[in-house]
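Have the structure open as you read.

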Amino acid sequence: MNRQPHVAVVGATGAVGIEMIRTLEKRNFPASKLTLLASARSVGKRLKFRGQDVEVKELKKDSFKGIDLALFSAGGSISREYAPLAAKDGCVVVDNSSAFRMDEAVPLVVPEINGADVKRHRGIIANPNCTTAITLMALYPLHQAFNCLRIFASSYQAVSGTGAKAILELERQVDQIVKGQAVTREVYPHQIAFNVLPHVDSFLPTGYTKEEMKMENEGRKIMHHPGFRASVTCVRVPVYRAHSVAVSAEFQKPVTVEAALAALKKAPGLDVIDDPAKCEYPLPLYQAEKYNCAVGRIRKDCAMDNGLCFWVAGDQLLKGAALNAVQIAEELLK
Ligand code: A2P
């Protein structure tokens with residue numbers, strides 16, 4: 001890979017795409033040039049990068065000639081169609097969609113956990129599901145210390161995870177309610193303002209959603225832990241930004257809160273915020289725009305042996321998407 005790559009962001013105008021541009025700039029990623037790609041609707045829009053206006057171009061089959069690295073976040077069908085074309089043109093793709101995550105030939109990477117896996121790539125590297133990535137930032141250090149057998153978890157997922165349109169839907173519904181107007185819906189099947197929806201992604205015949213099964217499937221691949229089991233309920237909440245997850249984890253080895261805290265305090269990319277007596281625990285409101293995830297409410301699980309409960313929160317547009325993608329790109333340049 002060119003040490004000063006020509007970088008493209010696919011889906012540059014979306015909630016994650018915008019954060020990818022900001023993250024490349026903030027982390028001083030050594031891009032020699034930035035190309036911004038989106039649909040025909042966005043052609044001519046200008047976005048700032050390092051003080052310069054960059055014009056958005058339409059994504060086309062031949063968009064990747066001369067591009068070294070492409071960060072994709074325009075949805076699964078765009079990735080399925082264009083990522084292989086980009087790879088064929090010699091570009092390395094970091095893909096934020098679920099299209100290739102479980103493909104054996106595609107590394108699925110959280111740099112703090114399995115950064116070395118990027119070396120196996122054949123043109124495409126997958127960025128994990130946001131809720132999975134945030135959960136694993138706290139679970140993996142505990143797994144290393146005590147060997148995790150399984151988890152039971154519930155997520156509290158922000159609307160920005162659905163995309164820019166969902167942020168506007170929450171804003172609009174809050175405004176309609178405050179003004180006493182009828183609430184209108186476009187994105188979610190029910191009102192999201194002042195409500196919670198136990199429904200993220202589509203339902204499978206088992207009754208779980210696809211999103212819920214990503215924790216087990218992607219968790220196994222990222223942690224190199226084929227026996228890992230996860231029973232998850234994913235819930236959309238009226239929070240603009242940052243996902244939270246309540247986790248009960250069962251381990252093979254005996255656990256103590258002290259040993260768990262020691263493992264978590266050493267973990268990269270993770271802050272421990274855990275002083276319940278002072279009302280201190282991770283909150284999505286304060287995790288928004290932060291690179292690190294945060295863990296708290298760490299306690300022995302009273303309903304199982306060798307169990308720990310914890311609460312982890314993180315900005316899903318950053319660690320769950322844009323930051324992790326840029327970290328993967330940094331790993332490629334090492
Ligand atoms: P556009 O703004 O031109 O529609 P979000 O997840 O926030 O909804 O963003 C989705 C991103 O994917 C946007 O940048 C969007 O561009 C882009 N996108 C959606 N459909 C296409 C398409 N057919 N071709 C290229 N980019 C697309």
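## Ligand contacts

Start with R41: one of its polar side-chain atoms sits 2.8 Å from an oxygen atom of the ligand. Bear in mind that this is a predicted model. On its own the ligand would expose 570 Å², and the protein buries 70% of that.

## The shell

There are 15 residues around the ligand, and T13, A15, S39, R41 and S42 come nearest. Sorted by class, the shell has 7 nonpolar, 7 polar and 1 charged residues.

## The sheet

Now for the strands. An open sheet of 7 strands runs in the order β3-β4-β2-β1-β5-β6-β7, with mixed pairing. β3 (46–49) and β7 (124–126) are the edge strands, each with a single partner, so one side of each has no neighbour in the sheet. On average, neighbouring strands are turned by 25° against each other, ignoring direction.

Zoom in on β5 (residues 69–72) and β6 (residues 92–95): they pair in the parallel sense over 4 bridges. In this pair, L69 stands opposite V92 in β6.

## Helices on the sheet

Which strands does α1 lie across? Helix α1 (residues 15–26) lies across β1 (6–10), β2 (33–38), β3 and β5, and runs at about 25° to β3. Helix α9 (residues 318–333) packs on the sheet too, touching β5, β6 and β7, and its direction makes about 160° with that of β5.

Definitions and conventions
Residues are numbered from 1 along each chain as its sequence is written. This is a predicted model: local features need pLDDT of at least 70, side-chain atom pairs count only at pLDDT 80 or more; totals for chains, interfaces and linings use all residues. Side-chain values use heavy atoms; hydrogens and water are left out. A residue is near a molecule or strand if one of its heavy atoms lies within 4 Å of it. A polar contact is a pair of N or O atoms within 3.5 Å; within protein, one must be able to donate a hydrogen and the other to accept it, and residues adjacent in sequence count only if both atoms are side-chain atoms. Accessible areas come from the Shrake-Rupley method with a 1.4 Å probe; for residues, only the protein chains shown count as cover. Ala, Val, Leu, Ile, Met, Phe, Trp, Tyr, Cys and Pro count as nonpolar, Asp, Glu, Lys and Arg as charged, and the others, Gly among them, as polar. Two strands pair if DSSP finds at least two bridges between them. Helices (H or I, at least four residues) and strands (E, at least two) are DSSP runs, numbered from the N terminus. Axes are lines fitted to C-alpha atoms, for helices over the stretch in contact, and angles run from 0 to 180 degrees between N-to-C directions. Contact means heavy atoms within 4.5 Å.
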